[in-house]
Amino acid sequence: MLKAVIFDLDGTIGNTLPLCVAAFRQAVEPLAGKKLSDEEIVATFGPSEEGTIMQLIPGHYRQGVDDYISHYERLHDMCPEPFAGIRTIIERLKARGVTVAMVTGKGARSCRITLERYGMDGLFDAVETGSPQGQRKAEGIRAVLDRFGLQPGQAVYVGDAPSDVTASRAAGVQVIAAAWAATADVETLAAMAPDRLFTSVDELESYLLDNPDTV
């Protein structure tokens, strides 16, 4: 049985990926002096926002990061609430004594803004954020396991990106592909053969909480 459920944030807890792209565009384009496509912005994802800014406008790093955070907070009404049902799942898991953590590629500042806006600040037993140097979700998952004295087989990671499947496997934990956001690439996720793939939050809730063999 699972003793820990570890969540991604963008595209899993809330529909925040379009917000990230919009904030990057407003922060970067004036400093870069050129327009950027969504594809150019998304191609830099993996590191935290600091890493993205470093890739896109290294000569304006400090201002770019500060501007991104400012725009991210100002534009957050683009996704004012988490996906319906997510909070209920987390609260029910915690009521059963299951450790609920978050491992996200976001930087600490933008992560805090979203959790506060969603009223989820303090809800997770542990939060591991991203690094400017690159993808560190596998390390974040291992940090959660170590903190709570858990074995990899006792945890599952829930995330919406192909890189989440890769990171979960590197950490040795089960992985649930979260494909309920409009930004999820269902075909690519399915091709990676995650342990489970759900296209709705209701499916996740049923699997985690209505199955006596899960938690």
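A residue is taken as buried when its relative accessible area is under 20%. By that criterion, four of the five residues of strand S5 (residues 174-178) are buried in this predicted model, so S5 is largely enclosed by the rest of the structure.

S5 belongs to an open sheet of six strands, arranged in the order S3-S2-S1-S4-S5-S6 with parallel pairing. The edges are formed by strand S3 (126-128) and strand S6 (196-198), each of which pairs on one side only. From one strand to the next, the twist averages 20°. Strands of a sheet pair through backbone hydrogen bonds, in either a parallel or an antiparallel sense. Here, S5 is joined in the parallel sense to strand S4 (residues 155-159) over four bridges, and Val156 stands opposite Gln174 of S5.

Ser168 is found in H8 and, at 0% relative accessibility, counts as buried. Leaving aside neighbours within four places in sequence, Ser168 is in contact with Ile141, Tyr157, Val173, Gln174 and Val175. Among these contacts is Gln174, the residue that Val156 faces across the pairing of S4 with S5. Ser168 and Val158 are ten residues apart along the chain, and their C-alpha atoms are separated by 9.0 Å.

Attention now turns to the helices. Two packed helices are described by the angle between their axes and the distance between those axes. For helix H3 (residues 49-56) and helix H4 (residues 61-74), the angle is about 130° and the axes lie 9 Å apart. H3 and H4 are therefore oblique to each other, and their crossing is right-handed. On the H3 side the contact is made by Glu49, Glu50, Ile53 and Met54, and on the H4 side by Tyr61, Gly64, Val65, Tyr68 and Ile69. By class, this contact of H3 with H4 comprises six nonpolar, one polar and two charged residues.

The burial pattern of H3 takes in Glu49, Glu50, Gly51, Thr52 and Ile53. These buried residues pack against helix H1 (17-32), H4 and H6. In helix H6 (residues 108-117), the buried positions are Ser110, Cys111, Ile113, Thr114 and Leu115. The buried residues of H6 pack against H3 and H4, and also against strands S2 and S3. Just after H6, Gly119 takes a positive phi of about 65°.

Glu29 lies in H1 and is buried, with a relative accessible area of 12%. Not counting residues up to four places away in sequence, Glu29 touches Phe24, Lys34, Lys35 and Leu36.

How values were computed:
Residues numbered from 1 in each chain as written. Predicted model: local features only at pLDDT ≥ 70, side-chain atom pairs only at ≥ 80, totals over all residues. Heavy atoms only, no water. Axes fitted to C-alpha atoms, helices over the stretch in contact; angles between N-to-C directions. Helix = DSSP H or I, 4+ residues; strand = E, 2+ residues; numbered from the N terminus. Parallel < 35°, antiparallel > 145°, perpendicular 65-115°, else oblique. Left-handed = near helix turned anticlockwise from the far one by under 90°. Contact = heavy atoms within 4.5 Å. Nonpolar A, V, L, I, M, F, W, Y, C, P; charged D, E, K, R; others polar. Buried < 20%, exposed > 50% of the residue type's maximum accessible area, 1.4 Å probe, protein only. Pairing = 2+ DSSP bridges.
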